[in-house]
Each structure stands twice: as structure tokens, then as C-alpha cells.
Amino acid sequence: MKVAAVVIWTPGDPDPGPCLESLEPQVDELVLVANPGGSPSRADAKVIENERTLGFGANINHGVAATSAPYVVASNADIEATPGSIASLLAFASEHPRAGICGPQMRYPDGRWQASRRSFPTVRGTLVRRTPLRRVLHPEQRQRRHYLLDERPTEPAQSDWLLGAFLFLRREMLEGLGGLDEGYRLYGDDIDLAYRARKRGWERWYVPDAIVIHHHQAVTDRRFLTRRTLWHWRSIARFVRKHPESLRALN
């Protein structure tokens, strides 16, 4: 077996049925990790039902532990993988032995391109993005360097980090890093994983030939002072505590 896929579902997320159905013919192992509180579609997947709600990192780690393939797709429930996308990621990773994290090109359901390849965040930029300043300063345009809006590579390109909604991960890297940090409730797991991977010499690649559709809800982009906003700020604080040297660069 070469590729496993782990899909995470939490009540309130889109039903994972379309995601699972898009992945099932493309992977060798398929796992759904479901937080309690609902009955999502299961398709032809092994289901891990949590007794209590766990964060993204813990759920991914549980799903990875239930598989054995050397590569693992970590996916949100709001993703649909287009035919051939997993094969493209596998082919690239197989040819690049230091590629620990690969991310596909993401598109919105209407076909628009989504900025999923990003530079490591700055403290100042995060303040703008995650407070009401966003409505005045419009970071989606003023922070073009963070979102890499002026770069739309048509060939694979190395990246700081890639959006955690869909990641193609090398098991060897995950095991060497001890998996995702389960101390992050939501948000920040993907940045932390990429940062630790970089410190260990693992490459992070954007592979645009692989295309997935992201039914993005963007709750924290529309509303402030919610529970998710608090989780986001806690994630930032955790990242800085773990990697204090990052403050020299993240300013």
C-alpha cells in the first residue's frame, strides 16, 4: 500500500461523503476520524469515532496511527480531490526524497484559484488578519507577500508552508517529528508542522498539477471575537512559546 487518507469531521463541518467518495478510488487506505455529535456519511472508510471532541492535530495523529502506507493525505471534510490528484502528488514525492510535505493547487467550487501556498506569518500581519483591523486594512490585498498572491507557479515550487485543509505527508517525516502537535486546538498545526519540518531539513512543495476543490467556510475571516478567534490566538501564543527564535523573523 502506498497512500492512506485521513479525513477529519466535526459537527458543523460539511458532510464528508463527497470528500470520501473523491478519495476512495485514489488511495489504498481510507480513514474517517469523527468527533462526537452527529452521523456523517462514511462511504467505504474505516471509521474512528472519538468519545470526546479532539483537535485537528490529535485527530490526524489517530488516523495516521490506524494506517500503514508510507504516504498519508490529511484532509478536511470540505475537500474534493479531483481524479488523478493523488497520483500527481505521489509521483512528485517519490521523485523528491526530501519532500516531507506536499500541497495541491486549491480551487473554490466556482473554479477560482485559492491562495494555499504561503510564507511564514508575521506577528504584525496576524494582528491585522485576526482582529477587526481586517475590515479597514484589507490584508488580502495589502499582505500579498504572505498570501503569495503575485506568484501562481505552474510548476512545483518550494514553499514555507501549505494550507492544512489538504496535505500530502511522508510518514517517515511524521514519525521523525512525533506527528502533529496535539496542543493546538484548531489553526496553527499546519504552520507548526512545516516550521519543524524545515528545521529538520524536510522540504515543503506546492504541486499545482494536483488539484482539489475546497468548499472554504472562512468563519474567522467573517466574524471576530468568537471561540475560533480565541483558539487562533492561543495557537499563535503556543507557536511563539515553542519557537521563540521565530520572533526575530515573524515581525
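Glu49 is exposed, because its relative accessible area is 52%, where buried means under 20% relative accessible area, exposed over 50%, and partly exposed in between, computed with a 1.4 Å probe on protein chains only. The model is a predicted one, in which local features need pLDDT of at least 70 and side-chain atom pairs count only at pLDDT 80 or more, while totals for chains, interfaces and linings use all residues. Residues are numbered from 1 along each chain as its sequence is written, and side-chain values use heavy atoms, with hydrogens and water left out.

The side chain of Glu49 meets that of Arg42 in a salt bridge, at 2.4 Å from N to O; the term stands for a side-chain nitrogen of Lys or Arg within 4 Å of a carboxyl oxygen of Asp or Glu. Arg42 has a relative accessibility of 39% and therefore counts as partly exposed. Ala43 lies in the loop between β2 and β3, and its phi is near 50°, a positive value in a residue other than glycine. With a relative accessible area of 45%, Ala43 is partly exposed. The names of helices (H or I, at least four residues) and strands (E, at least two) refer to DSSP runs, numbered from the N terminus.

How many salt bridges does the structure hold? There are three, and another of them joins Arg112 to Asp110, with the closest N and O atoms 2.8 Å apart. Here Asp110 counts as exposed because its relative accessibility is 55%, whereas Arg112, at 48%, counts as partly exposed.

Asp192 and Arg196 also form a salt bridge, their closest N and O atoms being 2.8 Å apart. Both residues lie in helix α9, four residues apart, or about one turn of the helix. An α-helix has 3.6 residues a turn, so residues three or four places apart point the same way. Are Asp192 and Arg196 buried or exposed? Asp192 counts as buried because its relative accessibility is 0%, and Arg196 is likewise buried, at 14%.

Helix α9 (189-199) is also among the elements that cover the buried residues of α2, together with β1 (3-9), β2 (29-34), β3 (46-49), β4 and α8 (171-177). Helix α2 is mostly covered, with eight of its 10 residues buried. Those buried in α2 are Phe56, Gly57, Ala58, Asn59, Ile60, Asn61, Gly63 and Val64.

Leaving aside residues up to four places away in sequence, Ser68 touches Met1, Glu29 and Arg171, a contact being heavy atoms within 4.5 Å. Ser68 and Asp28 are 40 residues apart in sequence, and their C-alpha atoms are 9.8 Å apart in space.

A last stop is Arg118, which has its place in strand β8 (residues 117-118). Because its relative accessibility is 14%, Arg118 counts as buried. A polar atom of the side chain of Arg118 lies 2.9 Å from the backbone oxygen of Ala115.

Methods:
Polar contact = N/O pair within 3.5 Å; in protein donor to acceptor, adjacent residues only side chain to side chain.
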